[in-house]
Amino acid sequence: MNWPVSLRFRLKWLWWKHCWRFHWAHKPWCPRYAGDVLRLGSLRLCRSCLAAYTGMAVAAAAILLRPQALRLNAGIYAAWLAATLALSAPPLYARVPRLGRDALRCSAGALVPFAVGLLIAVHPGLGAAAVAGMALAWHAFRRLREPNRRAACAGCPDLVEGRVCPGYAEQAAQIRRYEAEASALIAALGVPPGIPPASRKV
């Protein structure tokens with residue numbers, strides 16, 4: 001459905017109003033995932049994503065401040081990329097201690113601006129290979145992670161059919177509040193009914 005731009009922005013604001021606390025958590029708030037979700041006041045953040053974006057930001061800043069950082073030995077960069085991707089493969093990654101996983105995610109994030117910089121300014125062939133390798137690994141790892149995700153909740157006594165998982169109870173409550181306010185806004189504006197685009201980008 002084609003929503004008016006003004007309505008899409010108002011709906012997006014409503015979404016953030018109710019859901020900013022958990023939008024970047026990516027995991028349930030429960031003891032099984034306690035080590036994977038960071039709490040900053042009311043805000044919950046995915047620990048792995050925070051590590052990856054931190055590595056990306058630090059590497060990007062280093063390249064902007066010292067462009068010669070891109071002129072690292074091709075063999076060293078290739079070894080760095082290969083080691084990070086190999087250890088990030090789900091069968092191995094799941095066995096790495098939490099701090100080690102943080103380091104791997106930070107390393108993976110740092111590889112991205114280096115790959116882009118190499119592609120654009122220094123070594124297009126190596127940069128293109130790195131970008132392609134990371135893209136292929138991301139798609140492959142996403143599929144390989146699915147069994148681990150399902151197994152993580154296996155046997156949990158809180159999993160009861162017909163009831164929201166307690167780790168998602170707060171998220172579900174806030175989304176219901178969003179839906180109620182969004183529906184009221186849509187009705188008040190006389191827009192044809194439909195599903196409010198809660199998580200779509202405006």
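Buried means under 20% relative accessible area, exposed means over 50%, and partly exposed lies in between, using a 1.4 Å probe and protein chains only. Keep that scale at hand for this tour of a predicted model, in which local features need pLDDT of at least 70, side-chain atom pairs count only at pLDDT 80 or more, and totals for chains, interfaces and linings use all residues. Residues are numbered from 1 along each chain as its sequence is written, and side-chain values use heavy atoms, with hydrogens and water left out.

**Stop 1: Ser48**

Select Ser48, in helix H2 (residues 47–65). Helices here are DSSP runs of H or I with at least four residues, strands are runs of E with at least two, and both are numbered from the N terminus. Ser48 counts as buried because its relative accessibility is 13%. Now show what surrounds Ser48: leaving aside residues up to four places away in sequence, Ser48 touches Tyr93, Arg98 and Arg105, where contact means heavy atoms within 4.5 Å. With Arg98, the side chain of Ser48 also makes a polar contact of 3.2 Å. A polar contact is a pair of N or O atoms within 3.5 Å; within protein, one must be able to donate a hydrogen and the other to accept it, and residues adjacent in sequence count only if both atoms are side-chain atoms.

**Stop 2**

A salt bridge is a side-chain nitrogen of Lys or Arg within 4 Å of a carboxyl oxygen of Asp or Glu. By this rule the count comes to five.

Pick out Arg47 and Asp102, whose closest N and O atoms are 2.7 Å apart. Arg47 belongs to helix H2 and Asp102 to helix H5, so their pairing ties together parts 55 residues apart in sequence. Arg47 is buried at 18% relative accessibility, and Asp102 is buried at 14%.

Next, select Asp36 and Arg101, whose side chains meet in a salt bridge at 4.0 Å, N to O. Asp36 sits in the loop between H1 and S1 and Arg101 in helix H5, 65 residues apart. Both are buried.

**Stop 3: the hairpin**

Move to strands S1 (residues 37–40) and S2 (residues 43–46), which pair in the antiparallel sense over four bridges; strands pair if DSSP finds at least two bridges between them. Two residues separate the strands of this hairpin, and Gly41 in the turn has a positive phi of about 65°. Select Leu38 to find Leu45 of S2 opposite.

**Stop 4: helix H7**

Which residue does Lys17 join in a salt bridge? Select Glu181: the closest N and O atoms of the pair are 3.3 Å apart. Lys17 is in helix H1 (residues 5–19) and Glu181 in helix H7, so the bridge ties together parts 164 residues apart in sequence. Lys17 is partly exposed at 37% relative accessibility, as is Glu181 at 30%.

Staying in H7 (residues 169–189), select Ser183. Its relative accessible area of 40% makes Ser183 partly exposed. The Ser183 side chain reaches the backbone oxygen of Glu179 at 2.8 Å. For a distance check, Ser183 and Arg145 are 38 residues apart in sequence and 36 Å apart in space, C-alpha to C-alpha.
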